[in-house]
Amino acid sequence: MLKGNTVNIIKHLYKNENNDDGRHVLLYSGGCDSTLILYDLCEAFRGSVIYLISMNFPWLHEIKYKTERGYRLRFLKFLKSKGHTVIPLEINVYHKYYPEFDEESEKFPFNVQSGTQAVAWITNACTFLENHDKLYFGLTAHDSHATSLPYLQNVIEQMALATHRSFTLRTPLDRIDKHYIIARLFDKEIYQYAWFCENPSGI
């Protein structure tokens, strides 16, 4: 676990890696995980443009997507007021192989434990990546598809080969639990900009 209440996760993990080539691109839902990553990206690479990809898949509940989108827009306005440059891209993904959300049973058609949804997010995001881009994904230590990380890494490597480009997947939260993430949102005073956050014990 990272120590320190205001530690910048991005600086801590990637300060010794090549951050000059390519863009920093975040899969951004507006939830706790991607909100924390976005804030730390903006602070770690202040003066650089941070690119965001948000996706609306057929299996997402319409109200959920609209609510998340509202939180995203509020946070982007806040970041702009702090002098950060963020370019969002919103994508509606429709494909015959992507089933729709079951309104009656309120069940997702995919087994999230298999990591299928994560594969859909990453493969679709790859079509918008440029050479040497870094794609950030908010996978946490206790996510249902956390064990799929090696497979997800392989997916992005194969996508890079197929498109004759070079890009990497970065998962800065893959060893961090939800309590830590929410506590850091409070510490950085951005908790109110994240959708669907629990109140951590001891805060």
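## Aromatic pairs

Two rings of Phe, Tyr or Trp count as a pair if their centres lie within 6.5 Å. By this rule, the predicted model contains six aromatic pairs. One of them joins Y14 and Y136 in an edge-to-face arrangement, with 6.0 Å from centre to centre and 80 degrees between the planes. This pair links distant parts of the chain: Y14 belongs to helix α1 (residues 9-14) and Y136 to strand β4 (residues 134-136), 122 residues apart. Both Y14 and Y136 are buried.

## Arginines over tyrosine rings

Two arginines lie over the faces of tyrosine rings. R23 is placed over Y51, at 4.7 Å from the ring centre, and R74 is placed over Y71, at 5.3 Å from the ring centre.

## Helix α2

Among the buried residues are L36, Y39 and D40.

K188 lies in the segment after α6 (178-187). Its relative accessible area is 12%, which is under the 20% limit, and K188 is therefore buried.

Beyond its neighbours within four places in sequence, K188 is in contact with L36, Y39 and D40, as well as with T6, V7 and N8. V7 is 181 residues away from K188 along the chain, yet their C-alpha atoms are separated by 9.5 Å. The side chain of K188 reaches the backbone oxygen of V7 at 3.1 Å.

Technical notes:
Residues numbered from 1 in each chain as written. Predicted model: local features only at pLDDT ≥ 70, side-chain atom pairs only at ≥ 80, totals over all residues. Heavy atoms only, no water. Buried < 20%, exposed > 50% of the residue type's maximum accessible area, 1.4 Å probe, protein only. Helix = DSSP H or I, 4+ residues; strand = E, 2+ residues; numbered from the N terminus. Contact = heavy atoms within 4.5 Å. Polar contact = N/O pair within 3.5 Å; in protein donor to acceptor, adjacent residues only side chain to side chain. Phe/Tyr/Trp six-rings, centres within 6.5 Å; stacked < 30°, edge-to-face > 60°. Lys NZ or Arg CZ within 6 Å of the ring centre and 35° of its normal.
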